[in-house]
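Here is a walk through one structure, taken a few contacts at a time. Keep the 3D view open as you read.

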Amino acid sequence: MRRWLRCIAEAAGYVRRNFAHWLLRCDIERFFSFGYKGSMPQRQLTVGYISYFLIGGLLLCLPFMTRSGIPLIDNLFTSMSALSTTGLATVDIPATYTFWGELTILLLIQLGGVGYMTLSTFVMWRITHHFIGVRAQAFRTQFALPDTLSAQNMVVHIIRYTVLFEVVGAIALYALFLGYGVERPLWSAIFHSISAFCTAGFSIYPDNLMRFVDNVPVNVVVMCLSYAGAMGFIVISDVWRKCTRRGYRVTFTTRVILTITCVVTLWGTTQLYFFEDSFRAFAPGQRLLASLFQTMSAMTTVGYNTVDVTSMMPLSLFVLTIIMYVGASPSGTGGGMKSTTVSAVFAYVKSQLGLRGQVTLSGRSIPDYRVSNALTIFLFYTAILFTGIYLLTLTDGMRADFLDLMFEAASALGTVGLSSGVCAGLGTGGKTVLIVLMFIGRVGVLTIGNVLLVRAARAEKLHGRDDLAV
């Protein structure tokens, strides 16, 4: 018996080694990007996400995916919303899609949350035991990693980190949902755990999570998953080392992220608690929980809501828009402009007003290239947001109020998913604008800018140019 098992193991090892060599000869890089391979990681990411977006939309068009036929634009919208981990929807997800449709949406959420480059790199490494340089560059482009960290180790740690939180979250939610008599408790727990950790905000309940507005355990589990996903492996592991190792000092980046997270959370919660009229009917404890959850949802860009966002007063919508604009942290699953970008821009403005040449933050010097990246992201992100608001107003200005359209555009670009309730009523033009904004928000404004401008810059360098006289 042992000899047979040894023979089977040797045969399996032989097949695996030869399969790995075959994959390398066939250029597995092209497999994950659907035939495209380039030396520019930004373009590799862009082509990959476009391909998965189109495939997801076409899969949702299959007859057994929906309970009734819906237009192609709505399936494409749902596909991009899931892949970009946004959570905006033009249709009622549980009423429109069958279990297979929900499963497809969940797979797109997982693919977008962890990143298709992360998953494909992990699969490549497990099969071939090779970590190709181009893919490492693309992985670093997808996640803002410090230069001191190995991309190969980060891939493995991120996958393990994701599995740990999603499994623990699913177990906790299953126990809670089972106790509260929720329909399909196991599937609901798995779906909402992955959706919360990937900061997607999709729900298989018609009212999102409004039924749990006063349920402290469910709120706490969802918030923990959302914060863990939005902050990312680097920050959470840094905090864990601080709690478990005597004398360990967290990195400067982690301190900045935690400080901004606490400040924004406190500001948003206080604002909603004291000034949101629709919360005044709640008891003080319930009002505090609702205020904290909605602030967390906007900041981590998870997009879940436990109250009716459409009933909020304009001031509260404006505050949530600002929070969505700032967004989550780099290297996590959240979107937005990112807290570190805002801190670098703040440090730059402060240094300029103080007539100082060196940009510093909390006594720490910020390298010039970091400041340049932050200013570029800030300007480009803001320009794209204003362009999106303009186009939405142009296409659907007669269908919705300007503030609602601004809120929707900020939610789409920040990949948040909170909605003022106008998504379903938008025309094809408005839905297309939001699809583009969600795509840019997921891939990143710098990545899109590189893809659009690098070719033009190369052509300009090749053919020469006339200097502009000023």
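Start with two residues: phenylalanine 177 is buried, and so is tyrosine 205. Buried means under 20% relative accessible area, exposed over 50%, and partly exposed in between, with a 1.4 Å probe and protein chains only. The rings of tyrosine 325 and tyrosine 381 have centres 5.7 Å apart and planes at 70°, so this pair is edge-to-face. Tyrosine 325 is buried, as is tyrosine 381.

A word on the source. This is a predicted model, in which local features need pLDDT of at least 70 and side-chain atom pairs count only at pLDDT 80 or more, while totals for chains, interfaces and linings use all residues. Residues are numbered from 1 along each chain as its sequence is written, and side-chain values use heavy atoms, with hydrogens and water left out.

Now the rings. A search of the whole structure finds 12 aromatic pairs. Rings of Phe, Tyr and Trp (its six-membered ring) pair if their centres lie within 6.5 Å; planes under 30 degrees apart count as stacked, over 60 as edge-to-face and the rest as tilted. Phenylalanine 177 and tyrosine 205 have ring centres 6.3 Å apart and planes at 80°, so they too are edge-to-face. This pair links distant parts of the chain, 28 residues apart: phenylalanine 177 is in helix α9 (residues 151–179), tyrosine 205 in the loop between α10 (185–197) and α11 (216–244). Helices (H or I, at least four residues) are DSSP runs, numbered from the N terminus. Elsewhere, ring pairs link Phe99, Trp100, Trp187 and Phe191 into a cluster.

The charged end of arginine 211 sits over its ring, 4.2 Å from the centre. For this, NZ of Lys or CZ of Arg must be within 6 Å of the ring centre and within 35 degrees of the ring normal. Arginine 287 sits likewise over the ring of tyrosine 273, its charged end 4.7 Å from the centre.

Next, find serine 79 in helix α4 (residues 72–83). At 0% relative accessibility, serine 79 counts as buried. Beyond neighbours within four places in sequence, its contacts (heavy atoms within 4.5 Å) include Tyr52, Phe53 and Leu108.

Finally, which residues of α12 meet α14? They are Val264, Trp267, Gly268, Gln271 and Leu272, and they meet Leu315, Ser316, Val319, Leu320, Ile322 and Ile323 in α14.

Methods: Helix = DSSP H or I, 4+ residues; strand = E, 2+ residues; numbered from the N terminus.
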